[in-house]
Amino acid sequence: LRSFFCFTPTPYSAVGLFVPLSLLTGLLSLIVSGGAAVPVNLSAAGALLICAVCDALRLSDEMRSYRIVSADGTKTVLETAEPRKKKLRYGDKIVKIINDDVDQNLYRVHRAEQVAGFFRRCNDFADAARPFTILICTMLGLSFLGALIGAVAAGSFAGALSAFAVSLMFTMPTSAIFLFFYPLCRANTDLSKHNCTLIGEESVEEYSPPKTVIFNDSDMYAAQKCTQISVREGEDFRQDMKLAGILCRKMSGTLGSVGQNAPMKDSTDPPVAFVRLTENGTEAVVDNHYHLLAGNAAFMVKNGVRVPKETTDRTMRRAGNVSLMYVAIDGVLKLSYEIEYTVAQSFENMVNLLAEADTTTAIQTYDPNLNEAFLQTSRANGAEYVRVIKPGRYEPDTVQEVVDSGAVALGETFDIARPLLAAASVRSVRRTGFRLQLAATVAGGIAAIPLILNQNLFLPAMAVLFPMLFRCFWLAVSFLLTRFGLRDERT
């Protein structure tokens, strides 16, 4: 009740308002009519029963989610990401800072040991405020309208009370309460079979709008083959290979496998300090001494490194999934790699599914070869769009200690897409169901009018039986809508 009067009603507000109104109406009817009153207690008991069933569904859902969240080992989670800011410079002076992603919902896929925010998400019903405000106000409005019609038709206050009670029983949004809790419970039952979960009602609203989900580049691509074009001999060449390997291992991702091919004298690499991370290349200092540049030809030329021109024949023979990367040390071009990339088919399947849920897939990479132009040439024609994000500063991809997340998966990284699809499906079912419930509430108010006007039909048994059958019918509709509306997610 407090939530309703604060204009933020929850599903429990409908029952919390209906039961006192029903009991008060019945009490007044007994006083005014001298014992002949509409028996509204049965309807109040039915509403409380539905509330108890929804509590049981909610409790089982929370226990199922908690078992996954509290499981041992690392988990794949979603963490809210800050939009990247871009600096416009005029010489050494920053002219303007722009943020193209300020209105977008960005989420970064991480591995984490623990998940925070479980109980907050399970007890947040903010998403219910708007639909239940409309439904409860419609219920009250139609009930008072029925009372007015009953007062005019019967010419007495007792008739108005009886008409109010009948209208209230017809317009009570019982199925909306069931529709708010059951879809998420049903979706999580299916998700638990894949060791995934969507935590609480808050997560449904959080992950349903259009968004961008950011994966690591290694989730999409693998550097299957790395070919050193200009092969030299000598100690200097081995030193250059070692420095290039150190830089590639530090950038990790797809370039991590390139760095594994380089010789390593020690198990621990020397420190790497990144000076600049751009779209086309990276500038870094290795071991506080060696200045390295790694990137494409345009990046090298821009930084004053002379790059020999490739023959047309070699350029034409290069496949669409092969890219060329140069490495310069202390301002001199030392190494050039041809790297062949392969796309994970499971990633492509996930991209297609997320696109249906109005979700853009992105990869975060430090690999200068991976850009949107390369993605178009290396993937099949007609493939869904994948965005490439180049971080402005180095962010090591390590397992997080604690992450506040509403979507959790215990298996593969790609399994995190399942809760996102479930959130979109649950929201769609709810929206359709709430629209039907609003229509049912109005229809219930209209259906009560013949009982109010026709005194022969206005018997206690009829006044209780018809509203109960009407509400049971819409409960069955909500149940079937959930079962068949979530069928695609189960598949």
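1. At what angle do the axes of helix α7 (residues 174-191) and helix α16 (residues 417-453) cross? They cross at roughly 160 degrees and come within 10 Å, where axes are lines fitted to C-alpha atoms, for helices over the stretch in contact, with angles running from 0 to 180 degrees between N-to-C directions. That makes α7 roughly antiparallel to α16, a term for angles over 145 degrees, as roughly parallel is for those under 35. Helices are DSSP runs of H or I with at least four residues, and strands are runs of E with at least two.

2. The model is predicted, with local features needing pLDDT of at least 70 and side-chain atom pairs pLDDT 80 or more, while totals for chains, interfaces and linings use all residues. Residues are numbered from 1 along each chain, and side-chain values use heavy atoms, without hydrogens and water.

3. The contact (heavy atoms within 4.5 Å) between α7 and α16 includes Leu179, Phe180 and Leu184 of α7 and Val426, Val429 and Phe434 of α16.

4. Helix α5 (residues 129-154) packs on α16 at an angle of about 10 degrees, with the axes 10 Å apart, which means that α5 is roughly parallel to α16. Among the residues making this contact are Leu135, Met139 and Leu142 of α5, and Phe434, Leu438 and Val442 of α16.

5. Ile363 lies in strand β13 (residues 359-364) and counts as buried because its relative accessibility is 0%, buried being under 20% relative accessible area with a 1.4 Å probe and protein chains only. Leaving aside residues up to four places away in sequence, Ile363 touches Phe215, Met220, Phe347 and Val388, among others.

Note on methods. Parallel < 35°, antiparallel > 145°, perpendicular 65-115°, else oblique. Buried < 20%, exposed > 50% of the residue type's maximum accessible area, 1.4 Å probe, protein only.
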